[in-house]
Amino acid sequence: MRTSQYLLSTLKETPASAEVISHQLMLRAGLVRNVASGMYTWLPTGLKVLRKVENIVREEMERAGSLEVLMPMVQPADLWEESGRWEDYGPELLRLKDRHNRSFVLGPTHEEVITKLVSNEISSYKQLPLNMFQIQTKFRDEIRPRFGVMRGREFLMKDAYSFHLGADCLDKTYQAMFDAYCRIFDRLGLDYRPVIADTGSIGGDASHEFHVLADSGEDDIAFSDVSDFAANVEKAEALAPKGTRPEATQTLAEVSTPNVRTIDDVAAFFKVDAANTVKTLLVMGVASADNEAPVVALVVRGDHQLNEIKVENLAQVATPLTFATDEQILATVNCNAGSIGPVGLNIDVIVDRSAAHLADFICGANKNDVHFSGVNWDRDATNYSVEDIRNVVEGDPSPCGEGNIVIKRGIEVGHIFQLGEKYAQAMKCGVLTEAGKNQTLTMGCYGIGVSRIVAAAIEQNHDKYGIKWPEAIAPYQVAVVPMNMAKSARVKETAETLYEQLQAAGIEVIFDDRKERPGVMFADHELMGTPLLLVIGERNLDNQEIEVKNRITGEKSLLAISDVMSLFNS
RNA sequence: CGGUGAUUAGCGCAGCUUGGUAGCGCACUUGGUUUGGGUCCAAGGGGUCGCAAGUUCGAAUCUUGCAUCACCGACCA
């Protein structure tokens, strides 16, 4: 490609709307342009990268035995009513009507369509297992699109769905997909981790997320500093502290604490670490048949955070998690939120494992402006149950039993689920077994955010000059950059010849034939991240040499013109 | 959806307090200059100041409403 015939569209200045580095660089390097909130046009350079990611994903999915299909982006509402998600999905599902006033949705995912397809096409166990994927535009009406294509409303996704007669068969495909995902991210040249995940709203049993590690990531991942263990912080189990609880050494004391409300206040007032205090949160419990919903107390150590997912999974607590209002708090404990404590509470009290391990701690006294010190479980506070209800923090023992927890940020680029029978059951998708009986199928589903990967790759591979593409997804492998070609006939001739040779060899080459100053050309190619620059100038032509510059390492070297093709022999 | 802020040339911004000819830098066009790291000089083109209503002789500027965009929280590839 010649730059003179290309849409380079590089920007010197950073558009103000771009927050994260990948978004800034994608705009500056001319990869994408914003059309509306969360919707982007892919320019030629960006599309080349997107297609490369797509092709790696496609190749590895096919290698793993998945069959490519293409389903419509617009789907009839009937299907969604059948699965129950017309009700469940909420406003993220963009609904529309056609000219006949029939309802449709813009597909945020394709479980309904594929399950319907399989239910129509497959009737015998002999046709199973079956695994199909597509690479297609999805639309989710995100509450808050941000970070460019990282969280767009319209985005390119690879989604795969597998169908099985039983859990064993699903396990095998799940493992095959897990392995395929590892190969995909290996080939893309990304630093990633598979992590144990919450199954979220899609529901189901086993689930792993694949995260690209980057400080700008939106998810917290908990790792073991020793083993391979990695889990989403929401999912990571917080183990009980080792050993038995220390003995009580202090007596219970009531202390007047005017204007001491927050944990920080309490710790400062008593001159203790927040870890020696507990906070007590009141949330709504599950209503029984004849009663209104009761209030339930949750107790965590002052330095810990409540994990809402873990709490919602408790039988006593209402879903979704709802905090008690100030009026309900007053009615229940007769004090303000800042002075609640577990001593003498006559409601359900659920204590986190770490909080339950404390002795001689400090908590609210259920009287305004009063706290207890020297509190001890069983002696002072009784009738409670102990559960894991907090987020893990750095330094906690790893749930795998080896090492301690380290927390890093990740960008979720892939997610695999074992769905179970949820959709197959709702949409009556079954086959006749060997015994001639109808059996509902078990499903798995496997997603990869293709457009998000492009942004994630940049987050992980850039410097102050611009993008440093991993070789596998660079839009061009090499740039031919002639110095002052307009004035030097032999520079021009050498550059043209090299360009033709490289093209003839099937190498993706961009030839900067603009009448620009060298600095402009260098800046543009470094911004766009082309891995290799061939610089042709009068300076080295006397020796029949050109300069080769490696974008990733920054190394420069001289090379005989006759040896240029040897750069690409691999 | 809640909280915050923004909207003036393709991009980045000033002007608004105190109403009176719409400006700067980058980009773009033309000519010259320069040519191994975003040259320099000169001349030019480009704006219903987000939309609507109101106040006023007169509104980018004041008032009200709406829209859009972005940031902080709850959702997800």
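Where is Lys310 found? Lys310 sits in helix H8, residues 308-312. The views below come from a predicted model, in which local features need pLDDT of at least 70, side-chain atom pairs count only at pLDDT 80 or more, and totals for chains, interfaces and linings use all residues. Residues are numbered from 1 along each chain as its sequence is written, chains are lettered from A and ligands numbered from 1 in the order in which they are written, and side-chain values use heavy atoms, with hydrogens and water left out.

**View 1. Lys310 in helix H8.** Helices (H or I, at least four residues) and strands (E, at least two) are DSSP runs, numbered from the N terminus. Lys310 counts as buried, at 11% relative accessibility. The classes are buried (under 20% relative accessible area), exposed (over 50%) and partly exposed (in between), with a 1.4 Å probe and protein chains only. Contact means heavy atoms within 4.5 Å. Leaving out residues up to four places away in sequence, Lys310 touches Glu234, Ala236, Glu237, Ala238, Asp388, Ile389 and Arg390. Met26 is 284 residues from Lys310 along the chain, and their C-alpha atoms are 38 Å apart.

**View 2. Lys12 and Asp524.** Lys12 belongs to the segment before helix H1 (21-28). Its relative accessibility is 79%, so Lys12 counts as exposed. Along the chain, 512 residues separate Lys12 from Asp524.

**View 3. Strand S18 and its partners S13 and S17.** Why is S18 described as largely enclosed by the rest of the structure? Six of the six residues of S18 are buried. Two strands pair if DSSP finds at least two bridges between them. Strand S13 (residues 253-256) pairs with S18 in the antiparallel sense, over four bridges. Within that pairing, Ala253 stands opposite Ser373 of S18. Strand S17 (residues 361-367) also runs antiparallel to S18, joined by four bridges. Here Cys363 has Phe372 of S18 as its bridge partner. The hairpin of S17 and S18 has two residues between the strands, and Asp369 takes a positive phi near 60° in it.

**View 4. The two sides of helix H7.** H7 spans residues 263-270, with Ile263, Val266, Ala267 and Phe270 buried. Down the helix axis, these buried residues fall within an arc of 95°, so they line one face of H7. The arc is that of the directions from the helix axis to the C-beta atoms. Their cover includes S13, strand S14 (278-284), S17 and S18. Turned away from the buried side, the other face carries the exposed residues Asp264 and Ala268. Lys271 follows H7 and has a positive phi, near 55°.

**View 5. Buried Ser398 in a loop.** Ser398 lies between strand S19 (385-387) and strand S20 (405-420). Its relative accessible area is 1%. Neighbours within four places in sequence aside, Ser398 is in contact with Ser224, Phe229, Leu239, Gly403, Asn404 and Ile405.

View 6. The peptide bond from Leu128 to Pro129 is cis, with omega near -5°. Asn101 is not a glycine, yet its phi is positive, about 70°. Asn101 is exposed, at 53% relative accessibility. Asp378 also has a positive phi, near 70°. Asp378 is partly exposed, with a relative accessible area of 44%.

**View 7. The second largest pocket.** The space in this pocket is about 280 Å³. On a 1 Å grid over the protein atoms alone, a pocket is an open set of points where a 1.4 Å probe fits, with protein on both sides within 12 Å along at least five of seven lines. Grid points are joined across faces, edges and corners, and the volume is the space filled by probe spheres set on the points. Lining residues, which have an atom within 4 Å of a point, number 11 here. Glu471, Gln477, Pro531, Leu532 and Leu567 lie nearest the pocket centre. By class, the lining has seven nonpolar, three polar and one charged residues. Nonpolar covers Ala, Val, Leu, Ile, Met, Phe, Trp, Tyr, Cys and Pro; charged covers Asp, Glu, Lys and Arg; the others, Gly among them, are polar.
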